[in-house]
Amino acid sequence: MRAVRRRVGSMLAGLVAAIGAMTVPVLAADTREAIPARDAGQGPYARLVIRNVDVVDGTGAPMQGPFDVVVERDRITEILSIGAPGAIEPDKRADAGEREIDGTGFTLMPGFVDTHVHLHTLDDAQGVPPEYVLKLWLAHGVTSVRELGSGRPIEWLVDVKRRSERNEIVAPRIDVYPFFNAIRPGIHDPAAARDAVRQARRRGADGIKFIGSIPEDVLYAALDEAEALDMRTTMHHAQQLVAYANVLQTSARGLDSIEHWYGLPEAMFTDRRLQRWPAGFNNTDEQMRFAEAGRLWQQAAEPGSERWNEVMDTLLERGFGLSPTFTAYLASRDLMRMTNATWHAEYTLPALWDFYRPSRHHHGSYWFDWTTEREMDWRQNYRLWMRFVDEYKNRGGLVGIGSDCGYIYNLYGFGYVQEMELLREAGFSPLEVIHAATGMGAKIIGRADEVGTVRVGHKADLVLVRGNPLANLKLLLGTGTIRLDDATGRVEQVGGIDYTIKDGIVYDAAALRADVRRMVREAKAARGLPDGPMPVVDAER
């Protein structure tokens with residue numbers, strides 16, 4: 001369906017975008033939301049050479065090397081094989097560069113794509129400055145993000161996107177997908193839905209994210225209009241609408257991808273129409289909602305059954321994308337693990353910690369009385385959910401990596417690497433994990449012509465890490481991992497991405513992480529809090 005309309009849609013999109021560029025208002029400065037001018041990164045260079053490096057190129061190919069990789073300004077211009085491991089041929093080496101990085105012992109990968117992020121600000125309930133979020137993303141190698149809904153106007157996000165494109169700020173490249181219901185007030189009929197989609201395009205949006213209560217005719221009118229404008233779409237199939245809009249129904253109307261997994265098991269019901277809820281269920285009570293969500297996959301068709309395969313076959317035929325965000329719900333199956341994650345002590349701001357803690361008011365803070373039984377439900381939920389995602393990948397389906405951080409003890413950047421590990425748990429090989437993070441993610445967001453692979457002519461968005469992350473994904477965590485040095489008997493911290501390169505600008509990822517740790521120390525000092533872990537409970541027993 002998308003291919004049929006792409007040519008006309010592209011013409012319309014160009015016209016609408018041109019008109020929108022003339023009508024977007026100039027935003028007044030707001031110091032609470034301000035992102036400071038770029039204070040990190042060197043380059044781009046007339047000629048940057050990364051020498052003697054092993055490459056995982058994002059296409060799904062295995063690691064190869066050694067190579068000399070040449071970047072001129074913001075583009076990859078040469079990828080030169082310089083021999084075999086331990087047998088470099090000097091006459092094959094790249095010519096000298098303005099700057100050179102010795103890649104001996106490093107792995108070079110494409111910059112990572114996060115298919116599900118939210119750029120929170122001090123005015124959001126998380127209470128974090130956007131600079132903090134942006135630096136944590138880049139410090140973990142994330143160079144492209146799909147922003148799926150914010151409390152800020154579209155114009156604010158588009159301004160951040162443009163400042164990132166010009167490299168005026170420390171930030172990944174950003175695609176803007178506003179919440180559909182937040183585009184304008186009063187979207188109650190199909191005509192208003194179409195107008196809202198056109199307005200989002202005029203205001204600079206790249207796509208639309210659907211979530212919440214949307215009447216059936218309104219939803220399908222909006223999807224049709226987005227298809228006509230060649231705007232990409234994704235959806236969190238909320239319980240308020242999934243009875244008439246599961247993934248089979250929405251993908252048939254042109255939806256490109258889903259977030260999380262809601263709407264997928266519902267498409268595989270065989271003995272019911274609606275999810276089984278207790279008689280006293282209230283969807284607004286988050287502990288009830290998340291507890292029952294943990295029982296949802298058990299109500300769907302069995303793995304390998306006729307209905308399971310029918311749904312999978314249909315989504316594969318439609319080229320549908322999955323952004324599972326396993327990490328977004330990880331605390332539901334192991335709350336202690338997430339509350340005690342190593343990185344919280346140095347990298348989680350106290351305001352964000354306050355947001356995470358049990359609360360009737362904060363989204364995702366539903367730990368009012370979380371039980372072992374609920375965790376067991378969620379563990380079974382993961383087993384079935386992961387099986388579907390892994391099989392979908394095995395059969396050629398698009399699966400990307402989305403982190404959805406800022407909720408449920410899920411920290412920006414760190415959550416992205418956790419999502420990698422969860423795909424590994426689901427059955428992805430380490431190479432398939434990196435493929436999902438790079439080439440597949442770029443396809444899902446529609447940017448595979450410029451990012452997601454190490455290729456001559458593509459943007460110089462790259463990740464350099466010491467060691468082999470295919471052997472240990474934990475090397476990508478900002479806190480790295482621990483290793484015993486047998487020669488000295490000392491336990492050492494190793495890992496952490498060394499360099500993130502975006503548009504040919506080389507960022508010292510360790511320096512970015514140090515800057516974030518400084519922000520956290522200063523925020524704690526302002527509250528009179530000591531360094532180190534923060535408590536979840538209000539009083540000791």
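Trainee: What makes the span of helix α14 close to the expected one?
Mentor: This is a predicted model. In it, α14 covers residues 414-426, which is 13 residues. The expected span is 1.5 Å times one less than the number of residues.

Trainee: Why is α14 called largely enclosed?
Mentor: Buried means under 20% relative accessible area. In α14, 10 of the 13 residues are buried, so the rest of the structure largely encloses this helix. Among them are F414, Y416, M420 and L423.

Trainee: What follows α14?
Mentor: G427 does, with a positive phi near 125°.

Trainee: Which residues touch the most other members of the largest nonpolar core?
Mentor: They are F112, Y132, F180, F210, L411, Y412 and M420, in a core of 129 residues. Helix α13 (residues 372-394) gives the most to this core, with 8 residues. A second, separate core has 18 residues, including V53, I101, V454 and I501.

Trainee: How do you know what F210 is in contact with?
Mentor: Contact means heavy atoms within 4.5 Å. Leaving aside neighbours within four places in sequence, the contacts of F210 include F180, L219, M235 and L255.

Trainee: What makes β19 and β20 a pair?
Mentor: Two strands pair if there are at least two bridges between them. Strands β19 (residues 499-502) and β20 (residues 505-508) have 4, in the antiparallel sense. I501 stands opposite V506 of β20.

Trainee: How many residues lie between β19 and β20 in their hairpin?
Mentor: There are 2 residues between them. D503, in the turn, has a positive phi of about 55°.

Trainee: Why do β8 and β10 count as edges?
Mentor: The open sheet runs β8-β9-β10, with parallel pairing. β8 (112-117) and β10 (173-176) each have a single partner strand, so one side of each has no neighbour in the sheet. From one strand to the next, the twist averages 20°.

Trainee: How do you know that β9 pairs with β10?
Mentor: The cut-off is at least two bridges. Strand β9 (residues 142-147) and β10 are joined by 4, running parallel. V145 has I174 in β10 as its bridge partner.

Trainee: Which helices pack on this sheet?
Mentor: Helix α3 (residues 154-165) touches β9 and β10, and its direction makes about 155° with that of β10. Helix α15 (residues 430-444) touches β8 and β9, at about 50° to the direction of β8.

Definitions and conventions:
Residues numbered from 1 in each chain as written. Predicted model: local features only at pLDDT ≥ 70, side-chain atom pairs only at ≥ 80, totals over all residues. Heavy atoms only, no water. Core = buried A, V, L, I, M, F, W, Y, C linked by side-chain atoms within 4.5 Å. Buried < 20%, exposed > 50% of the residue type's maximum accessible area, 1.4 Å probe, protein only. Axes fitted to C-alpha atoms, helices over the stretch in contact; angles between N-to-C directions.
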